[in-house]
Amino acid sequence: MTEATKSARIPVAMTVNGRSVSAEIDPRTLLVQFLRETLDLTGTHVGCDTSQCGACVVHVGGEAVKSCTVLAVQADGMSVTTIEGLATADALHPMQAAFREHHGLQCGFCTPGMIMSAVDLVSRFGPDLDEGTIRENLDGNLCRCTGYHNIVKAIAAGARAMAAQPGARAAE
């Protein structure tokens with residue numbers, strides 16, 4: 001690392017999955033890189049680097065964002081939730097459980113982004129989601145394995161389960 005690179009580093013601090021974190025980073029560091037490379041939270045995937053696939057979706061300040069299009073410094077002072085932050089020590093989040101129960105995954109690569117988008121979908125539209133609303137709002141999340149049928153079923157079931165479980169977080 002050159003002296004110029006060292007001096008160009010800037011401090012960031014945020015809450016990730018309920019835990020305060022801070023680091024000195026290159027200002028060009030993407031949020032997905034910060035999560036995966038600095039914090040070792042590898043559940044957030046990098047699929048396309050062009051904001052097309054949705055594999056990198058996380059919640060920042062309670063809203064779903066594609067972390068490959070957000071600089072880590074833009075999340076400074078914010079609350080970030082990744083797929084690792086949804087489950088508790090005792091149980092999967094209702095949406096995670098629904099994906100498992102309704103076979104909403106095959107290879108699993110898109111699954112973290114799909115689940116994070118689905119949880120955001122419930123927070124925006126409520127638990128009574130119809131198929132059209134789910135499909136329309138999955139635009140920007142690509143799956144090359146399932147054909148979406150089971151993903152849509154899983155999201156509908158997960159939304160109902162979130163409504164039935166008062167402690168289930170929709171988004172932070």
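A residue is called buried when its relative accessible area is under 20%, exposed when it is over 50%, and partly exposed in between (1.4 Å probe, protein chains only). The model is a predicted one, in which local features need pLDDT of at least 70 and side-chain atom pairs count only at pLDDT 80 or more, while totals for chains, interfaces and linings use all residues. Residues are numbered from 1 along each chain as its sequence is written, and side-chain values use heavy atoms, with hydrogens and water left out.

Select helix H4 (111-125), bearing in mind that helices (H or I, at least four residues) and strands (E, at least two) are DSSP runs numbered from the N terminus. Of the 15 residues in H4, 12 are buried, among them Thr111, Ile115, Ala118 and Val122. The cover over these buried residues includes H3, H6 and strand E3 (57-60).

Next, select Met95, which touches Ile115, Val119 and Ile155, among others, not counting residues up to four places away in sequence; contact here means heavy atoms within 4.5 Å. Met95 is one of the residues with the most contacts inside the largest nonpolar core, which has 25 residues; such a core is a set of buried Ala, Val, Leu, Ile, Met, Phe, Trp, Tyr and Cys residues joined through side-chain atoms within 4.5 Å.

Finally, turn to the cysteines, where a disulfide would be a pair of sulfur atoms within 2.5 Å and the count is zero. Cys48 has its nearest cysteine sulfur, that of Cys53, 3.7 Å away.
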